Amino acid sequence: MAPSDVNGELHRALRQLPVPRAPGTLLPRVMAAIAAQQAAARSWFAWPIAWRMASVAALALLAAGAVAFWPVLEALTTMAATSAPLAAVRGRVQGTAVMFDAALSAASVIWSTLVQPVAGYLLVWIGVMAAASAAFATAVGRIALGGASHS
Amino acid sequence: MTDAARFEAFVREFQDMVYAVAVRLLANPTEAEDVSQTVFLKAYERFAELDANPAAPGWLKTVATNISLNHLSRYRARWRFFSELGSDEQDARSGERGLESTLADGGAGPDEPLQLRERDAALEAALHRLPDHQRVPLVLYHFEDKSYQAIAALLGVSLAKLKTDIFRGRETLRRVLTDHGSI
């Protein structure tokens with residue numbers, strides 16, 4: 001048989017090979033990856049930079065408004081405290097305030113004796129773990145979401 | 001039908017075609033599945049253009065080919081640096097077991113003569129066992145209908161080397177056909 005005939009026969013044989021079937025796991029993997037992408041896209045860090053800056057500005061405005069409004073709130077509270085019809089309510093509130101004050105004192109003692117000595121180290125450790133987790137999640141996300149190549 | 005349902009139907013329609021391109025180029029069912037997933041994720045980003053588009057199969061094949069070739073050049077070479085050549089045979093055998101199960105689910109119907117099915121299985125297995133530099137050009141030529149020049153440009157090799165690799169790969173496959181009495 002001439003070489004060109006042999007090559008033709010080989011070509012026909014190859015073209016007639018049955019198409020390999022995709023595994024049954026492929027479709028669920030694809031849909032799960034898409035769902036994960038959509039969930040990630042909703043997180044604040046995936047927002048466009050303009051949106052993130054706008055959200056930070058809105059929060060700052062809210063905080064500034066609360067600070068500006070505080071004296072008004074204090075004035076209203078003072079008026080309520082000196083108002084006679086509110087005396088009974090004030091008594092109950094004062095009782096609650098005493099209990100709250102006692103709880104606050106207890107918490108303060110616990111904080112100063114147990115937590116404060118290690119608070120600095122704890123904050124540093126939390127920051128390092130958060131940075132490591134973010135880096136690991138990014139790396140895993142790139143691999144899991146098909147980051148094998150970019151074409 | 002919702003977008004997700006339409007895309008799911010899209011994946012069902014083309015998953016065999018995409019997987020076939022990847023598994024023949026990579027000769028590894030696990031890597032082929034990873035590449036196929038990547039292809040469909042890229043397709044999802046452009047689903048508005050691809051949905052019900054007659055050009056979608058061609059686009060999918062092109063992307064599957066490019067990602068498979070990138071995978072070969074970027075990841076296979078990296079692992080090969082650290083692995084012994086002898087372990088490639090073990091990888092090939094374990095990959096073959098996976099490929100055999102893939103072929104078992106393949107489209108060869110029960111009406112096909114047993115001899116033909118055996119020949120097909122032997123041919124597919126021989127293609128799978130070829131080294132990358134012989135298998136990839138053969139797959140691109142015989143299954144993707146690319147010219148020698150296009151393949152050489154895609155792989156970044158000279159035309160002479162490409163022809164040599166294809167010749168040697170064909171010799172191996174031709175022996176399979178001879179053994180099964182096809183030529």
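## Ground rules

The model is predicted, so local features need pLDDT of at least 70 and side-chain atom pairs count only at pLDDT 80 or more, while totals for chains, interfaces and linings use all residues. Residues are numbered from 1 along each chain as its sequence is written, chains are lettered from A and ligands numbered from 1 in the order in which they are written, and side-chain values use heavy atoms, with hydrogens and water left out.

## The nonpolar core

Let's start inside. The largest nonpolar core has 54 residues; such a core is a set of buried Ala, Val, Leu, Ile, Met, Phe, Trp, Tyr and Cys residues joined through side-chain atoms within 4.5 Å. Buried here means under 20% relative accessible area, exposed means over 50%, and partly exposed is what lies in between (1.4 Å probe, protein chains only). The residues with the most contacts inside the core are F7(B), F10(B), V39(B), F40(B), L60(B), L123(B) and L173(B). Helix α1 of chain B, residues 3–26, gives the most to this core, with 12 residues. Helices are DSSP runs of H or I with at least four residues, numbered from the N terminus.

L60(B) shows who meets whom: leaving out residues up to four places away in sequence, it touches F10(B), F14(B), M17(B), V18(B), V39(B), F40(B) and A43(B). A contact means heavy atoms within 4.5 Å. Elsewhere in chain B, helix α7 (residues 132–142) is mostly covered, with 8 of its 11 residues buried. Among them are R135(B), H142(B) and Q134(B), along with V136(B) and L138(B).

## Aromatic rings

A pair of aromatic rings is described by the distance of the centres and the angle of the planes. Rings of Phe, Tyr and Trp (its six-membered ring) pair if their centres lie within 6.5 Å; planes under 30 degrees apart count as stacked, over 60 as edge-to-face and the rest as tilted. Searching the whole structure turns up 7 aromatic pairs over all chains. One of these, F10(B) with F14(B), is edge-to-face at 5.1 Å centre to centre and 65° between the planes. Both residues sit in helix α1 of chain B, 4 residues apart, or about one turn of the helix. F10(B) is buried at 4% relative accessible area, and F14(B) is buried too, at 11%.

F10(B) also pairs with F47(B): their ring centres are 5.3 Å apart and the planes are at 70°, so this pair is edge-to-face. F10(B) lies in helix α1 and F47(B) in helix α3 (residues 47–50) of chain B, so the pair ties together parts that are 37 residues apart in sequence. F47(B) is buried, as is F10(B). Zoom out and F7(B), F10(B), F14(B), F40(B), Y44(B) and F47(B) make up one aromatic cluster.

## Salt bridges

Over all chains, the structure holds 13 salt bridges, each a side-chain nitrogen of Lys or Arg within 4 Å of a carboxyl oxygen of Asp or Glu. D145(B) bridges to R15(A), with the closest N and O atoms 2.6 Å apart. D145(B) is in the loop between α7 and α8 (148–155) of chain B and R15(A) is in helix α1 (residues 3–15) of chain A, so the pair joins two chains. D145(B) is exposed at 52% relative accessible area, whereas R15(A) is partly exposed at 39%.

R29(A) and D34(B) form a salt bridge whose closest N and O atoms are 2.7 Å apart. The pair crosses between chains, from helix α2 (residues 26–41) of chain A to helix α2 (residues 29–45) of chain B. R29(A), E33(B) and D34(B) are linked in a network of salt bridges. Within chain B, E8(B) bridges to R12(B), with the closest N and O atoms 2.9 Å apart. These two are 4 residues apart in helix α1 of chain B, about one helical turn.

## Surface spots

F69(A), W70(A), V72(A), L73(A), L76(A) and M79(A) form a nonpolar surface patch with about 610 Å² of accessible area together. Patches take residues with over 30% relative accessible area and no salt bridge, joining like charges within 9 Å and nonpolar side chains (Val, Leu, Ile, Met, Phe, Trp, Tyr) within 5 Å; areas come from the Shrake-Rupley method with a 1.4 Å probe, and for residues only the protein chains shown count as cover. V72(A) sits in helix α3 (residues 49–82) of chain A and is partly exposed at 41%.
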